[in-house]
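Open the structure in your viewer and switch to the cartoon view. Keep the selection tool at hand.

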Amino acid sequence: MAYYGSNAVVATAHWQANQPAYSYFLLRDSFGFSSFTKIANGHYRGSFSSTLANDAYVVCGSMSAENSATGSDTNVVRGANGFHVLTHTTSQIDVIFAYGTYSSSNGNANHGEHHGICVIAN
């Protein structure tokens with residue numbers, strides 16, 4: 001396999017979204033972001049510490065699989081639902097993580113303890 005460009009890690013972020021006590025967002029660690037915030041349930045924005053030379057980067061990440069849920073196991077929304085990148089610029093990135101409802105009464109609560117992204121430059 002040939003590698004081109006720097007393949008350097010530009011930024012990372014790790015957060016929790018599983019507790020109402022902190023409005024389902026608690027940033028645990030970040031690197032390369034001047035800020036990383038929750039915009040809405042499942043929607044997060046990272047502003048890069050420095051403006052990038054271009055937007056030739058990829059974003060990889062993971063969504064927690066140890067979500068809390070009640071009700072039938074067939075209705076539980078799990079972490080495999082993934083995420084997608086909404087905004088992809090040289091100064092910021094918005095990611096949307098798939099979520100079920102925040103009401104645990106219907107078996108679709110999806111509150112993850114471990115969420116993370118990694119931005120890799122080309």
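This tour visits a sheet and then a pair of cysteines. Keep in mind that the model is predicted.

**Stop 1: the sheet**

Start with the sheet that has the strand order 3-4-7-6. Four strands build this open sheet, and their pairing is antiparallel. Strands in a sheet pair through backbone hydrogen bonds.

Now select residues 33-40, then 83-88. These are strand 3 and strand 6, and they stand at the edges of the sheet. Each has a single partner strand, so one side of each lacks a neighbour in the sheet. Turn the view and compare the strand directions. On average, neighbouring strands here are turned by 20° against each other, direction ignored.

**Stop 2**

Zoom in on H84. Which residue in strand 7 is its bridge partner? The partner of H84 is I96.

**Stop 3: two cysteines**

Next, select C60 and C118 and show their side chains. Are they buried or exposed? C60 is partly exposed, with a relative accessible area of 36%. C118 is buried, at 17%.

A disulfide needs the two sulfur atoms within 2.5 Å. Starting from C118, the closest cysteine sulfur is the one in C60. Searching the whole structure gives zero disulfides.

Notes
Residues are numbered from 1 along each chain as its sequence is written. This is a predicted model: local features need pLDDT of at least 70, side-chain atom pairs count only at pLDDT 80 or more; totals for chains, interfaces and linings use all residues. Side-chain values use heavy atoms; hydrogens and water are left out. Two strands pair if DSSP finds at least two bridges between them. Helices (H or I, at least four residues) and strands (E, at least two) are DSSP runs, numbered from the N terminus. Axes are lines fitted to C-alpha atoms, for helices over the stretch in contact, and angles run from 0 to 180 degrees between N-to-C directions. Buried means under 20% relative accessible area, exposed over 50%, partly exposed in between (1.4 Å probe, protein chains only).
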